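Open your viewer and get ready to select residues. Follow the stops in order.

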Amino acid sequence: MKKSSIGETEYEPFIVGDRQLGEVHWLRQDAAESGVVLAGLWKAEDATTPREFDYPFGYEETIQVLEGSVTIDFPNSPSVTLRVGDLASFTKGTTSVWHVQMPFKKFFVCS
């Protein structure tokens, strides 16, 4: 069991490629024979995070929106807007463009 209390200093930059796409607080980062498991909180609150960015899903990812909203565009599917309380699951390899309305925070689990 791992318990985490989160203060503002408990986040670190979340970097994809050479760009900071918000901040992350890791609850779990495991790599085992059965696969990778990642879980934590991701947030975008200020000018350090672009409001629009490409996001390739590198894992199967399930999220719950805790604060704010986001519209996610997909190349061959309709866009989806997620708001507080919404749950969504995305398939590994999905490409997307995120349009974040800040502040935004999500809980995520990747496998």
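**Stop one: Phe 107**

Select Phe 107. Its relative accessibility is 31%, so Phe 107 counts as partly exposed. The cut-offs explain the label, because buried means under 20% and exposed means over 50%. Remember that this is a predicted model.

Now show the strand around it. Phe 107 sits in strand E8, which covers residues 97-110.

Together with Phe 107, they make up a nonpolar patch on the surface. The accessible area of the three together is about 210 Å².

**Stop two: Asp 73**

Move to Asp 73. You will find this residue in strand E5, residues 61-74. Is Asp 73 buried or partly exposed? Its relative accessibility is 25%, so Asp 73 counts as partly exposed.

Which residues does Asp 73 touch, leaving out those up to four places away in sequence? Select Ser 79, Thr 95, Ser 96, Val 97 and His 99. Zoom in on Ser 79. Its side chain makes a polar contact with the side chain of Asp 73, at 2.4 Å.

Next, pick Tyr 55. Tyr 55 and Asp 73 are 18 residues apart along the chain. Draw a line between their C-alpha atoms: the separation is 9.9 Å.

**Stop three: confidence**

Colour the chain by pLDDT. The average is 89, and 89% of the residues score at least 70. Among the elements, strand E7 (residues 87-90) has the highest mean pLDDT, 98. Strand E2 (residues 19-32) has the lowest, 87.

Definitions and conventions:
Residues are numbered from 1 along each chain as its sequence is written. This is a predicted model: local features need pLDDT of at least 70, side-chain atom pairs count only at pLDDT 80 or more; totals for chains, interfaces and linings use all residues. Side-chain values use heavy atoms; hydrogens and water are left out. Patches are made of residues with over 30% relative accessible area and no salt bridge: like charges are joined within 9 Å, nonpolar side chains (Val, Leu, Ile, Met, Phe, Trp, Tyr) within 5 Å. Accessible areas come from the Shrake-Rupley method with a 1.4 Å probe; for residues, only the protein chains shown count as cover. A salt bridge is a side-chain nitrogen of Lys or Arg within 4 Å of a carboxyl oxygen of Asp or Glu. Helices (H or I, at least four residues) and strands (E, at least two) are DSSP runs, numbered from the N terminus. Buried means under 20% relative accessible area, exposed over 50%, partly exposed in between (1.4 Å probe, protein chains only). pLDDT is the predictor's confidence in each residue, from 0 to 100. Contact means heavy atoms within 4.5 Å. A polar contact is a pair of N or O atoms within 3.5 Å; within protein, one must be able to donate a hydrogen and the other to accept it, and residues adjacent in sequence count only if both atoms are side-chain atoms.
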